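Here is a short briefing on one structure. Look at the picture first, then read on.

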Amino acid sequence: MKYFRSHILVCKDPDCIHKGAHEVMDALQDELVAEGLINEIQVLETSRIGNCWNGPEMMVYPEGIHYTNLTVDDIPYLVEEHFLKGRIATRFVEPEKSVKDEELGAPKSKEIRVVLRNCGKIDPENIEDYIAEDGYAALGKALTEMSPTQVIETVLASGLRGRGGAGFPAARKWSFVAAKQGSDKFLICNADEGDPGAFMNRRVLESDPHAVLEGMIIAAYAAGIKQGYIYCRAEYPIAVKTLNIAINQARAMGLLGKDILGSGFDFDLEVRMGAGAFVCGEETALMASIEGKRGEPRPRPPFPADSGLWGKPSNVNNVETYANVPQIILKGADWYASMGNEKSKGTKTFAIAGDVNNTGLIEVPFGISLREIVFDVCGGIKDGKQFKAIQTGGPMGGCLPASQLDLPMDYESMTAAGSMMGSGGLIVMDEDTCMVDIARFFMEFTQDESCGKCTPCRVGTRRILEILNRICEGKGRHGDIETLELLCKEIKSTSLCGLGQGAPTPVESTLKHFREEYEAHIFQKKCPAKVCKSLISYEIQPDICTGCTVCSRNCPVEAINGERRQAHKIDPDVCVRCGICMQVCNFNAIIVN
Amino acid sequence: MVVEASISERVHQAVENALARFGAHDDELIPILTHVNHEIGYLPGQALEEIAHALKKPKSKVFTVASFYGMLSTIPVGKHVIRFCESAPCHVVGGRQVIVAIQQALKINIGQTTPDGQWTLLAVSCLGICAVGPAFIVDDDVYGNVTPEQVPAILKKYQG
């Protein structure tokens, strides 16, 4: 085996790739060759080191130095400083992010990394890297020291609940399938992570695929299953590729296939790719899709444990659920249950988007407050603006206002507050967000993604969207709010699957917490956040305007008139309210009314 | 017509390749359709017919699947396809202005193809690269942190 004095791990996450990670890696290779260092220093690919908002980035081991914001031009300097002179190239290290190797497990004060523990630390395409981090040790323990019942009992005792959103105890599902006779049973991993803004599972699949495989093999052992499927959405091609590599490597090592680790237990896995349908994240729709049909949900019961894939008993869990399992087996149920709060144990990954300083991925223990997530872990609201709302639970979740910021993040609290835990997408919105527009936006999404099978979801979401469109266009009427409330109630109680049942939540929660904004749109014909185009107008302040003509030259519809060096004027009848004039004005002369 | 014959031959070949790769089984229908869609750009009637024949299914059963999934198309698309992420995280960081800029530049709406057959503009659900929103994909290239001003330059790369 060849030894290297240093290893450079370059992040090959899509976010970093689009910022030039490929080019940076090539430049690095070339420079190391040019300096004669290529036999001493190894360059490897990895996935997700930090949060990729300042990529391309890389980790240098053994020092554990995290370099960010790299360009091709920086590489010669970096190689000279770090690898020839042995000095840290501080200008690429952000002080708080220059985490040492041992600290990588918890880069932010309130984070605990269980599922993300290996992300950015190992090469996802090399099974040996995973094994070096205690990988497959849990599988060995389960297969040789534990009975299937003991595995189920341990995971039950840990309090692990389904991370896909519903929060059903994972091992209880396994016990249902374990109780079924016959060998035709299936284990499914739901990797159809479709919630907008939620990309936690993608990171796990791309950076630590073996953790998911190991969790699945252990679950299959517990439930007595021989065949598994990972259903991954087509929008994640890199995850599919990484998974296939991982499966092949695991097979080659005897960790998948016949007689795993000599225990006599057989299990094999296959990746199935979706084709772009949000509803396929619903488990019955997902199974229909694996069977090669339209991904339409069907009523439950029968639950998958009774009649799932091809009518056989099946167990469906989410990526994150499986990824937790090896750690629970290895470190024990008590260790896992020590994190979180009374009813929600362990940690949860979240993908934060929107108007916070640090967007990206975090993993925190259950029970942490929304305030801690927004202001401590994510560094507060961008540009010093005011917090307005946080949307939890994806498009079927709700928007919670500032008054709810001290809520603990757990399954029960989120539901009680009129939102939901969901799979882990969080969108933070600042004062410039119109809540009616946001509700309309989510309704557009669910309306579009409704599979059309049941009437409440198909027609009901359309009716809600029509009313919201009308309100945003300034044509809201008396009684609209009441009609919305009635529709929400009915769709919720009569829809077939989670999509329809959850679809009204964004509207319901905004009606509950931001009712005055709806009223302003309907009765005063005003959009308080100045977002809804029909309810705003742009105006040039004549005393500030210098007549530089930048706005009139950039106006796409020629709505701005005026002589050079004279104050300009916007014709409200022609203006399409695109806001370009406001963006290009160098004197801040344009205001929104 | 020589041109038409060659298109028909290409479709046939794509179907044959897909069938050879995945096998003519019911549960391989989506992988087969995805493969042909990628090769041809969309799923022509001829492809659906040949697949239906091979899988011994009515064409309606194949069509119902082909028309259900967002990444499969039963109508022709332009030479370049823009898949714009219309999800909330991109929306709240200025996605709307970017899609407006694309629509203005190409003079088409979402779901349409330019008359010269160069561009198709599609709105798709979350691409999972929310940390760099607003984002869109042109063919297989990903663009993130896009501003409305960058749109013309990005589109220009694909012209000619």
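How are H2(B) and H4(B) oriented to each other? They are roughly perpendicular (65 to 115 degrees). The model is predicted: local features need pLDDT of at least 70, side-chain atom pairs count only at pLDDT 80 or more, and totals for chains, interfaces and linings use all residues. Residues are numbered from 1 along each chain as its sequence is written, while chains are lettered from A and ligands numbered from 1 in the order in which they are written.

**Two helices of chain B**
- Helix H2 (residues 29-40) and helix H4 (residues 59-66) of chain B pack at about 70°, and their axes are 11 Å apart.
- Axes are lines fitted to C-alpha atoms, for helices over the stretch in contact, and angles run from 0 to 180 degrees between N-to-C directions.
- Helices (H or I, at least four residues) and strands (E, at least two) are DSSP runs, numbered from the N terminus.
- H2(B) brings Leu29(B), Ile30(B) and Leu33(B) to the contact, and H4(B) brings Val62(B), Val65(B) and Ala66(B).
- Contact means C-beta atoms, placed from the backbone, within 7 Å.

**Where the chains meet**
- In chain B, 35 residues are in contact with 43 residues of chain A.
- H5(B) gives the largest share of chain B's side, 7 residues.

**A sheet in chain A**
- An open sheet of 5 strands runs in the order E10-E9-E13-E11-E12 (chain A), with mixed pairing.
- Two strands pair if DSSP finds at least two bridges between them.
- Strands E10 (360-365) and E12 (398-401) of chain A stand at the edges, each with a single partner strand, so one side of each lacks a neighbour in the sheet.
- E9 (residues 347-354) and E13 (residues 425-430) of chain A run parallel, joined by 4 bridges.

Terms used: Parallel < 35°, antiparallel > 145°, perpendicular 65-115°, else oblique. Contact = placed C-beta atoms within 7 Å.
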